[in-house]
Amino acid sequence: MGRVSKPSRASAIFVATAATLGAMTAYNIYRARKAEREHPPTGRFVTVDGVRLHYIESGKGPPVLLLHGNVVTAEDFQTSGVLDLLAARHRVIAFDRPGFGYSDRPHGSAWSARAQAELLRNALVILGVNRPVVLGHSWGAAVALALALNHPDAVRGLVLLSGYYYPTLRADVLLSSPAAIPIVGDLLRYTISPLLGRLMQPLLLKGMFAPLPVPASFAKGSTSNMSVRPGQIRAESQDGVAMIPGAVAMRHRYQELTMPVVIMAGAKDRVVNSKQPRRLHAQIPHSILRLVPGVGHMVHYAVPENVAEAIEEVGGLPTKLHNILQASASYTASAA
């Protein structure tokens, strides 16, 4: 008497679960729309191969392309001060990479570093940008390398900040991979992932900037809300999963680079081991390595002036780098 049948109980659990997931989805969509209202696009749009890309452009002069890392957007270079420093002497273009900020990331593509590099190269052609100096930070460094390796004539020089160049075991890849799985990832991104992302974000940002504190300018920016939108979570998780295969694909090719290269990293980087930039420097004999003491992964916030100087160094082919390249050419000629 009054006993609830098993099918009825199962139906009730199913309905309650569906209602909870529906409520979470609605809430996360609302939060994403709210974040976009509070932080509308500040740049321009260009459609390339059917993909709509958002970019920030400033200044006049020799071109510079800025490629941001994971979690953040093109706005990161404004917040750090790097973009304004460069815009005094250069035409500076900073893209939201596919899926980040206000750039599209269509389904059906792996969006590897190489795929992103191809898309951005075509975007530069449309915008009339010829042979820029390319700066890539963190994941953006992989895109910069892919662009330089596959289209060396399209890149005047490289500045690589806090990049990941060689495959290693990474716990963050395992943590980010579920949200990249088709169907399952869609469910997570619209329900649990944004909530977990907000909870974990303070620890994540602390690790990115450590041992320095998170700057007030960054804390007040758009990252905290824009990075936990379902669409951007997809981009972040897919980039995380693609990080190791990307390093595997390029690690034996770095010595092919002939353009000027400056490698910068924080000596106290907790995201990418400082052995990585040293190893890359050894593989690219003509490169210049600068390890900044007491600084972590977000080196462009700690020393934006030094980053801007590296751009000038690469773009102008300064005496030191010129001598290195000359010596390398002479050695090659004598060996032949």
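## Local features of a predicted model

Ile183 sits in the loop that runs between helix H6 (171–176) and helix H7 (184–190). The model is predicted. Phi of Ile183 is near 70°, a positive value in a residue other than glycine. Ile183 counts as exposed, at 70% relative accessibility.

Val71 also has a positive phi, near 75°, and is not a glycine. Its place is the loop between strand S3 (63–67) and helix H2 (75–80). Val71 counts as buried because its relative accessibility is 14%, under the 20% cut-off.

A cis peptide bond joins Ala210 and Pro211, with omega about 5°. Pro211 belongs to the loop between helix H8 (192–209) and helix H9 (216–219). Most residues other than glycine have a negative phi, and most peptide bonds are trans.

**Salt bridges**

The structure holds 10 salt bridges. The table lists some of them, including two that involve Glu57.

| Pair | Closest N to O |
|---|---|
| Arg44 and Glu57 | 3.5 Å |
| Glu57 and Arg91 | 2.6 Å |

Side chains of opposite charge can pair when their charged atoms come close.

Start with Arg44 and Glu57, whose closest N and O atoms are 3.5 Å apart. What is the exposure of Glu57? Glu57 is partly exposed, with a relative accessible area of 24%.

Arg290 counts as partly exposed at 30% relative accessibility, whereas Glu313 counts as buried at 15%. Elsewhere, salt bridges that share partners join Arg44, Glu57 and Arg91 into one network.

**His54**

His54 lies in strand S2. Is His54 buried or exposed? His54 counts as buried, at 4% relative accessibility.

Which polar partners does the side chain of His54 have? One is the side chain of Asp96, in a polar contact of 2.8 Å. Another is the backbone nitrogen of Gly43, which lies 2.9 Å from a polar atom of the His54 side chain. Leaving out residues up to four places away in sequence, His54 touches Pro41, Thr42, Gly43, Arg44, Phe45, Ala94, Phe95, Asp96, Tyr102 and Ser103. Among them is Arg44, which forms a salt bridge with Glu57.

**Gln255**

Gln255 is found in the loop between helix H11 (230–250) and strand S7 (261–266). With a relative accessible area of 44%, Gln255 is partly exposed. The side chain of Gln255 reaches the backbone oxygen of His252 at 2.7 Å. Gln255 and Gln283 are joined side chain to side chain by a polar contact of 2.6 Å. How far apart are Gln255 and Pro285 in sequence and in space? They are 30 residues apart in sequence and 7.8 Å apart in space, C-alpha to C-alpha.

Technical notes
Residues numbered from 1 in each chain as written. Predicted model: local features only at pLDDT ≥ 70, side-chain atom pairs only at ≥ 80, totals over all residues. Heavy atoms only, no water. Salt bridge = Lys/Arg side-chain N within 4 Å of Asp/Glu carboxyl O. Buried < 20%, exposed > 50% of the residue type's maximum accessible area, 1.4 Å probe, protein only. Helix = DSSP H or I, 4+ residues; strand = E, 2+ residues; numbered from the N terminus. Polar contact = N/O pair within 3.5 Å; in protein donor to acceptor, adjacent residues only side chain to side chain. Contact = heavy atoms within 4.5 Å.
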